[in-house]
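Let's take a friendly walk through this structure together. Please open the sequence and the 3D view, and follow along as we go.

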Amino acid sequence: MLGLLKKEFLALLRDKKSRFVLIGPPLIQLLVFGYAATFDLNRVPIAIYNEDSGSASRELIARFTGAKAFREVGRITRQSGIAEFINPKKALLVLHIGREFSRDLSKRKPASIQLIVDGRNSNTALIALNYAQTILAGFNRTWTEQQRLAIPPARLEIRAWFNPNLNSQWFIVPGIVGLLTLVVTMLVTALSVAREREQGTFDQLLVTPFTPLEILIGKALPGVLIGLVESSFIVLMAVYWFHVPFVGDVAALYLGIVLFVVATAGVGLMISSLATTQQQGLLGAFLFIVPSIILSGFATPIANMPETVQTLTLLIPLRYFLVIVRGVMLESIPLSLLSDQYWPMAVIGFATLGLAAWMFRRRLY
Amino acid sequence: MNAEHYVSPDTSAKRLRLLGLIRKEFLQIRRDLSSIAIAFLLPIVLLIIFGYGVSLDAKHVHVGLVAENPGPETADFFSGLQRSEYFQPVYFSGQRAAQKALDQRRISAIVRLRSDFSRQLLNGHSAPIDVIVDGVDANTARLVSGYLQGVWAGWLQRRLDERAGGSAQAVLMQQRIWFNPAVRSRDYLVPGLIAVIMTLTGALLTAMVVAREWDRGTLEALLATPVSVGEVLTGKLVPYYLLGMGGMALAIGMAIFLFEVPLRGSLWVLFVTGSLFLLAALGMGLLISIIAQNQFVAGQMAIITTYLPAFILSGFIFDIDSMPVAVQTFTYLIAARYFVAILQTVFLAGDVWEVIVPNALALALMALVFLALAARRMPRRLG
Amino acid sequence: MTGMLDSAANNSIVAVAATGLGKHFTVGQRQITALESITLSIRAGVVSALIGPDGAGKTTLLRLLAGLLVPDHGVISVFGLDPVTQPDAVHCITGYMPQRFGLYEDLTVQENLDLYADLHGVPSRLRPARFHELLEMTKLSAFQGRLAGKLSGGMKQKLGLACTLVAQPRLLLLDEPTVGVDPVSRRELWLIIERMVATGTTVLMSTAYLDEAERCHEIFMLHAGKLLRQGAPGADHSILAGRCFEIHGAESFTRRLQSRLAERPNIVDAVIQGDTVRVVTARPQTPKLDDLAAEFPSLSVTPVPPRFEDGFIALLKPLVEQVNLGSALSPSTEAVDREDVVIEVREVERWFGDFHAVKRISFDVKRGEVFGLLGANGAGKTTTFRMLCGLLPPSRGQLRVTGVDLRSAAAKARRRIGYMSQKFSLYGALSVRQNLEFFASAYRLDSRLRRIRLDWALERFQLTTYAESSSGDLPLGHKQRLALACALLHEPEILFLDEPTSGVDPLMRRAFWSAINALAEQGVTVLVTTHFMEEAEYCDRLVIMAAGSLLAAGRPQEIRAQARSPDQPNPSLEDAFIRLLHNIAGSDVGAPQAGLKGGLQGRSPQQSEQTPS
């Protein structure tokens, strides 16, 4: 058994290029993606079109340009200037303050401002409007206090649990743990049986006294172990480099990682044992990885998806793992909820590994 | 019989060789259907799943409502939430039960009106409305609090209108979302997805093809014929370019007719820039194939270098401007970045040359660099 | 056969000249000298052979001439062109067939031809005639539309040759063109080569078959990167004068006699040839066999004229470190019951779709027997083999190995068999030592035994110097050695060997067979396929398969007897083989060759499985 494992590792790691592929890119990607994948706006280009000359408008503009989310890229002096900034993507949004602004304010009439947003990325547009809304709310509150206006009869006091500053890195970086673990585990397993088939070594393996179960374990364990090592490393990076909190139970997380990696290795081996050529194995790996990531809830909430697609996500191990990793790191999720995530992964792992082992012997002719 | 008799003059021999290689590649494509699957099936399946599956618009968010002392005032406030299409209210009798539901992810936010809400409201004491949002998914949390603010503002305005009139807010914001006023996230996701999917298709099509010739030993025979490296590469490029363009046309057709994304720009711009992008993607695949020299490593490299970078760094879903500067420089290496910008612009905004020209130039440069590198690294000899 | 090309040889233009050629490779940390100061000239218009033990540098030399490698030192001229500076011009006038034939297996025969015609710029008006000629010559006309991957091994080689011939090259470079090819296809390949030479083509081929080398006009013998000898095949027969003998009278114990003789220090070479053992002595004197009289009462010695193979062995044997695989097993204490049937095949059939690959065959193999499975490429040998090993279920019938069906047998039963497949199927990315270690652990050798067996394998198979090299980078013959070593590590009771010696040099082949003999003596049952008919003589019994059926079965003598005719009173096994195939052909279509096609007609499933396209 040990010999089988050693062989698998050697076959994987003896080639310099292959070794590099398993170690180099995931590390770089962790760092790059950890910073890149965020829905928080930061220094988004904004252009100002101010037709008002009062001090109130200047104060409002200062609030916008001073915010971390925005970065002023220019002033506009005429209506057509708006398109000149938005169309070529020089600015994501334009703040337009009309001629009447200060006058209306001083007359205590409701003044209005206009925000023109580039909707080509409508999600970013909505987020930007959200930020603008918050800035404006702050302005309104201050203005009301300064002018001793009637205070509103009720006020919202919003608190965000688990992530008080709504830092989306806290959401994304644990997700990257799942993403990269998925990719690396697939990398190790999805082509391994297909390669041995193409090279004829699989026959040689089948005539040795190894049982299909042993061959299966021999094929699955390198993926599982490499997946474990990489995910542990990424979790450590998440905590110590990205400063994502870790409030939950390490054991609960590791149970999740193990089940996730086993399920992923199972899918990889199933793909690999169904494929006759490595090209087919590669195609299969992509057909699994790509939907997995998009439908797992990594970037877009599963709850937003249509019913049928939501049902489809039940087949995706990453979906369960993301709940676990985020839950354990950020909010010490209760065990009952965790167990609902554990068992589907165990079922997926069991089914795919079983099918792979069955295919070892069937797929010979 | 002399050998010279059989060798045609130089130019026509060159044409023969090239055509021969192209025909060979097409025959191989026809025999192993996985190339055709990559070119056509992959885009269809992925576009359908994503086109329908991916949405950033939070609707019907489950929100827990707690009124510690129910009365007409609390009911009035909650009615605003009930009417909103964004929320799906769930009533709780007490804060504890609601918090438990939040812990278990059955709800994403809690709105709590304390027992003295009605009293404070009447006294003009600015009654606090406690809102707790689940901050794990910061983006959704932010959207939810935005929606809640809207509901709250609407409620305030309603109360004012009922009494004296006037405005609850000093300054009101009017928003204009250009190019996508209905804020359909599908309209921007689908064009972006085309770029991500074509990155995969392009690289997958070619990542294996040179490596396969190494693995199967045919490269040795090929190198011993009068074929030049340029001819071998062109022979690989042309068939997969045609295949890839077919896939791209299919994807664009689906975007327009199935997902009803408006196309405000012109098709020929899509065709030209799509070609440049595809050449860059195919060039990258070829380079991978040449560097790896065997299918196993080529496959691994293709998995790791194509999808995730295109997904995360292209601006398709995460805003590039918001990334740290160091990370932004990384995105310049991702061909999909340029194509996403072009696609979103041509589809939703029209032929905005200030966007199209620089991005197209960048794509052309990338294609050139990848192909030149591939030609350089392509072995002329063994060993 | 020597000299049959003499008429063409009058032409003494130099086709290829090499001076001071040297080439080194770096493998891991080590520098390997593949070729060292080779100076040679190859005459135009004749066939020259490149021979030598595994790893001698044959492939490297061919690749240098084809312009696929750049020499470290020295100059090459191919018809006055330099492959280093004028590779395109050289490629235009040479045809090069690599060891792995360079065919696109997912293209048809015709499509492969079209491609190579395009690549060589053959004008379309000349093509129909050229293709017709080549297809006729290779007898592939009937298979134009078949995928190359679905051809039998022999047909693939012929197609590979045809592809390199489309442009009428002036120089033809062939790297082991006949490896893994059955005797019939081998004859056909030679006919093609001779026809090419007749039209003025120069041919240089590397080969492991010395009878082929003997047919060539000139021979270049390489050893360890150096040119050892150059000249006509018969040139040094003089030193062998009075040293070659045939020993008759061992009757059914020829194999034992051969192994007794091979152990003697004064005998350089001993091979079985029909009923006799042919020996080459170290000095010109008749071998004394008195001490063998007890065991073999009626031996007689006849002097025979030397032949080329004797010269090769006599020349190389002192140079090459002695390979002795002799005692491959630890001595066994158990008595062997040689009547015990260990392999049982009953009415076995196998279909692939509507192709009947194996047609109701039955045979038994007894313990300690060396049992040969012979047949043309695509006759169903490999399919039968894979069924026996449990890699493929039969469509009908029963296969038992030591009383169990290996397909459903417990892992323990597989512990008792050793398997070596036709295609090199060890882990190319792993080093030689790592491969051995893996198979040692696969067969659950304990650590003490593992060490002993590992040392044994590295030493006996002369792999010590290669221990840390990736096995994928080894020369063909070394790969085969390693594969056999892996199959023998665990001292199996039953050994399945699918073409164990293809591509292995004659010296190593002798060592392989003496190991197999020794194993059989110790009670190991060996099931073996081979294309070397002289090797089939070493079998106790054999069957010949054609088109999925058993054509003949019995001891080698009995099979030879079936082919005896007035014009061939003492046929070799190869003659018998070809005759038997012709006989079924006769009943089939009429023309001998057409019948051969009958034998090869079906798509060859074993081929297509190994090389999925």
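Which residues gather in a patch of positive charge on the surface? In this predicted model, the patch brings together A:Lys16, A:Lys17 and A:Arg19 with B:Arg376 and B:Arg377. Two helices each supply at least two of its residues: helix H2 (16-36) of chain A and helix H15 (353-377) of chain B. H2(A) gives the most, with three residues. If you are looking for B:Arg377, you will find B:Arg377 in helix H15 of chain B.

A:Ile23, A:Leu27, A:Ile28 and A:Phe233, along with B:Phe330 and B:Leu333, form a nonpolar patch on the surface. Together these residues have about 540 Å² of accessible area. On the side of chain B, look for B:Leu333 in the loop between helix H13 (325-331) and helix H14 (335-349).

Now let us turn to chain C and its sheets. One of them is an open sheet of three strands, in the order S15-S14-S17, with antiparallel pairing. Why is one side of strand S15 (355-366) and of strand S17 (396-401) left without a neighbour in the sheet? Both strands of chain C stand at the edges and have a single partner strand each, so one side of each has no neighbour there. On average, neighbouring strands of this sheet are turned by 15 degrees against each other, direction ignored. Strand S14 (residues 341-352) of chain C pairs with S15(C) in the antiparallel sense, over eight bridges. To place yourself along this pairing, find C:Arg350, which stands opposite C:Val358 in S15(C).

Chain C also has an open sheet of four strands, and here the order is S11-S12-S10-S13, again with antiparallel pairing. Its edge strands are strand S11 (267-273) and strand S13 (300-303) of chain C, each of which pairs on one side only. Neighbouring strands of this sheet are turned by 25 degrees against each other on average, direction ignored. Within the sheet, strand S10 (residues 244-248) of chain C runs antiparallel to strand S12 (residues 276-281) of chain C, and four bridges join the two.

Note on methods. Residues are numbered from 1 along each chain as its sequence is written. Chains are lettered from A and ligands numbered from 1 in the order in which they are written. This is a predicted model: local features need pLDDT of at least 70, side-chain atom pairs count only at pLDDT 80 or more; totals for chains, interfaces and linings use all residues. Side-chain values use heavy atoms; hydrogens and water are left out. Patches are made of residues with over 30% relative accessible area and no salt bridge: like charges are joined within 9 Å, nonpolar side chains (Val, Leu, Ile, Met, Phe, Trp, Tyr) within 5 Å. Accessible areas come from the Shrake-Rupley method with a 1.4 Å probe; for residues, only the protein chains shown count as cover. A salt bridge is a side-chain nitrogen of Lys or Arg within 4 Å of a carboxyl oxygen of Asp or Glu. Lys and Arg count as positive and Asp and Glu as negative; His and the chain ends are not counted. The place of a charge is taken as NZ of Lys, CZ of Arg, CG of Asp or CD of Glu. Two strands pair if DSSP finds at least two bridges between them. Axes are lines fitted to C-alpha atoms, for helices over the stretch in contact, and angles run from 0 to 180 degrees between N-to-C directions.
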